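Here is a colleague's note to be read with the model open beside it.

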Amino acid sequence: MDEQINLDLPWFTNIKYIMLKLGTEDGYHFNQNSDDVINSRLLADATPPQRFENQLKEHLTQAWKFTIDQSSRLSFYSKLKTSITWEPYLDHAQSFEDRKMSSRLRCSAHKLNIEVGRHSNIPRDERSCDFCAPVRRIIEDEEHLLSDCPVGESHRKRMTSLLQELHCNNELSLDSISIGKITPNSDENHTITEEQYSKHIQIVTRAIKCMYKMSLKCKKTGEKINSH
């Protein structure tokens, strides 16, 4: 270890940088002149790997949450994700296209007016839905597309019908957040099988893709949609 420290290799300088940022769980915090202290603690194995790993995970989680909370662009995403975990829809979606479209909508990497208007410096409350105006002025965002916009009504109805059939007509929550989360909810009164779980995700991701692509198609062609 002495040799590794003296060589000041990239992996070691990276560890020192992280330690400077995090300190240790026992309350000992390093400063910019702490090279000798850091070196001695590493040599003495004073910071056990598991403790260091836990600190690093906590630091990354806090940075991730802070970034999301500070970003108006990720307001929808913040309602869907509360922890850094692998999303089951990435494994269960029926096709790459279904998975990609769901990811884009969840992360606001799309062409709805809420995002297009942001790049054009249009005030947020003026990024209205093309399909609902002039009957009513409502922001065209992810929640509106998934739960309310007439452009996705046929796909939304089909999704609802397929899910009710899949879950034997049990009561389902199908608001925009539930759709955006993609995975089904289960409780004591309604347990689901692994097959139902996978099928639920496939139905929802396919519906999300179809609603979004229909929106893009109608914007491109100027096709009119019967509004509410």
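In which loop is S108 found? The answer is in point 2, after a word on the model and its make-up.

1. This is a predicted model, in which local features need pLDDT of at least 70 and side-chain atom pairs count only at pLDDT 80 or more, while totals for chains, interfaces and linings use all residues. Residues are numbered from 1 along each chain as its sequence is written, and side-chain values use heavy atoms, with hydrogens and water left out. The chain holds 12 helices and zero strands, where helices (H or I, at least four residues) and strands (E, at least two) are DSSP runs numbered from the N terminus. Of its 228 residues, 35% count as buried, a word that means under 20% relative accessible area, with exposed being over 50% and partly exposed in between (1.4 Å probe, protein chains only). Among contacts (heavy atoms within 4.5 Å) between residues at least 6 apart in sequence, 58% join residues at least 24 apart.

2. S108 is found in the loop between helix 7 and helix 8 (113-119). With a relative accessible area of 0%, S108 is buried, and its phi is near 60°, a positive value in a residue other than glycine. Such a value deserves a second look, because most residues other than glycine have a negative phi.

3. I182 is buried, with a relative accessible area of 0%, and, not counting residues up to four places away in sequence, it touches Y89, S102, R106, H200, I201, V204, T205 and I208. The C-alpha atoms of I182 and E87 are separated by 9.2 Å, although these residues are 95 apart along the chain.

4. T193 also belongs to the loop between helix 11 and helix 12, but at 42% relative accessibility T193 counts as partly exposed. Between T193 and H167 there are 10.0 Å in space, C-alpha to C-alpha, and the two are 26 residues apart in sequence.

5. The largest nonpolar core has 28 residues, and those with the most contacts inside it are L105, L145, L146, M159, V204 and I208. Such a core is a set of buried Ala, Val, Leu, Ile, Met, Phe, Trp, Tyr and Cys residues joined through side-chain atoms within 4.5 Å. At least two residues of this core are supplied by each of helix 5 (75-80), helix 7 (96-106), helix 9 (142-147), helix 10 (153-166), helix 11 (176-181) and helix 12 (194-221). The largest share, eight residues, comes from helix 12.

6. L145, one of the core residues with the most contacts, has its place in helix 9 and counts as buried at 2% relative accessibility. Leaving aside its neighbours within four places in sequence, L145 is in contact with L105, L112, V151, R156, M211, Y212 and S215. L145 and C129 are 16 residues apart in sequence and 9.0 Å apart in space, C-alpha to C-alpha.

7. Does the length of helix 12 agree or disagree with what its residue count leads one to expect? At 1.5 Å a residue (times one less than the number of residues), its 28 residues should span 40 Å, and its end C-alpha atoms are 41 Å apart, which agrees. Just after helix 12, G222 takes a positive phi of about 75°.

8. Helix 12 packs against helix 7 at an angle of about 70°, with their axes 8 Å apart; axes are lines fitted to C-alpha atoms, for helices over the stretch in contact, and angles run from 0 to 180 degrees between N-to-C directions. These two helices are therefore roughly perpendicular to each other, since 65 to 115 degrees counts as roughly perpendicular, under 35 as roughly parallel, over 145 as roughly antiparallel and the rest as oblique. The contact is made by E97, D98, M101, S102 and L105 of helix 7 and T205, R206, I208, K209, Y212 and K213 of helix 12.

9. The axes of helix 10 and helix 12 come within 9 Å and cross at roughly 175°, and the two helices are therefore roughly antiparallel to each other. On the helix 10 side the contact includes H155, M159 and L166, and on the helix 12 side Q196, V204 and M214 are among the residues that take part.
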